[in-house]
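Student: Could you walk me through how to read this structure, one feature at a time?
Tutor: Gladly; have the sequence and the model open.

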Number of protein chains: 2
Amino acid sequence: MSDKGIMVAKSKTEKFTQEESRLADIAKALSHPARIKILKILAEMNVCMCGEIVELLPLAQATVSQHLKELKRVRLIQGEIEGPKTCYCINTDSIIEAYKQLQNYFEAINKECKRTCKTNKK
Amino acid sequence: MSDKGIMVAKSKTEKFTQEESRLADIAKALSHPARIKILKILAEMNVCMCGEIVELLPLAQATVSQHLKELKRVRLIQGEIEGPKTCYCINTDSIIEAYKQLQNYFEAINKECKRTCKTNKK
DNA sequence: TTTCTTTATCGTATAATTACGATGAGCGAT
DNA sequence: ATCGCTCATCGTAATTATACGATAAAGAAA
């Protein structure tokens, strides 16, 4: 309930609340099947080298690296360099936080719908 | 559990499972703060004219109409013409279905993480 | 040091998204 | 039929996303 209604004026994120922008940002990170799959892979493998992920996806290494970067941007994953390789893993805290945001959003919508849609049947 | 692992060969949606593509598609629909806000507005108002939504958003009518179209595309909302106006409302069934998809996805990830991340702390 | 491996980044091409003014289609009212 | 209102669509511009080959950086192995 922290920032309901507070407007932020960040250059591009303009006239929406922080909550709205954060939710949209999480959704954006999940808006490509490759990134959906990467998160699933990382959850299953716990820790995974970039190269392994590349092998599991129908995309070039450079492209996968870009997708990983996008997931890192919103903190859903983290990577640390281990010698020449990079080990990626899920950022559990952020995943949980993102999930909570989504849950709050959908629960609020469902509750509102139940409250208002008493007679709305055509 | 319907289509795990089944590949679809739709021209663009290419080499990902239907589940992955559907999830990404839902996320894409939610990947803009304006659309996040529109759903919230519709949940609160139950039914809403396009013009009302336009007034509540910092965007031009044409732009809002585009966002509404995107939400319609993934069935999260529906609109019906009433005279010169168009009444929009949430498609409750689809919202619930989308929410379930997201829940399944996140729950699976969290479960896998718990299973595999026994020693992974640094 | 040189070579190999791994991965991030650069450059670039193409496509999709976002935004808005202008136009048009449809309906109600005059 | 004409006018006014509402909204979708068109045309267009600017930005962002997606994809990949090529290159660079950096540790490992020789």
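Student: What should I know before I start?
Tutor: This is a predicted model, where local features need pLDDT of at least 70 and side-chain atom pairs count only at pLDDT 80 or more, while totals for chains, interfaces and linings use all residues. Residues are numbered from 1 along each chain as its sequence is written, chains are lettered from A and ligands numbered from 1 in the order in which they are written, and side-chain values use heavy atoms, with hydrogens and water left out.

Student: How many helices and strands does chain A have, and in what order do they run?
Tutor: Helices (H or I, at least four residues) and strands (E, at least two) are DSSP runs, numbered from the N terminus. Chain A has five helices and three strands, and from the N terminus on they follow the order α-α-β-α-α-β-β-α.

Student: What part of chain A is buried?
Tutor: Buried means under 20% relative accessible area, exposed over 50%, and partly exposed in between (1.4 Å probe, protein chains only). Of the 122 residues of chain A, 43% count as buried. A:Val47, in strand β1 (residues 47-49) of chain A, is partly exposed at 31%. Its C-alpha atom is 9.9 Å from that of A:Thr86, a residue 39 positions apart from A:Val47 along the chain.

Student: How many residues does each chain bring to the contact?
Tutor: Contact means heavy atoms within 4.5 Å. Chain A gives 47 residues and chain B gives 46 residues.

Student: What area do the two chains bury between them?
Tutor: Buried area is the accessible area (1.4 Å probe) that two parts lose on being put together, summed over both. For chain A and chain B that comes to about 4,300 Å², with 67% of it on carbon and sulfur atoms. On the chain A side, A:Phe16, A:Tyr99 and A:Phe106 lose the most area to chain B, together 16% of what that side buries.

Student: How many salt bridges cross the interface?
Tutor: A salt bridge is a side-chain nitrogen of Lys or Arg within 4 Å of a carboxyl oxygen of Asp or Glu. The rule finds two across the interface of chain A and chain B. A:Glu20 forms a salt bridge with B:Lys40, their closest N and O atoms being 3.2 Å apart. As for elements, α5(A) supplies the largest share of the side of chain A that touches chain B, with 14 residues.
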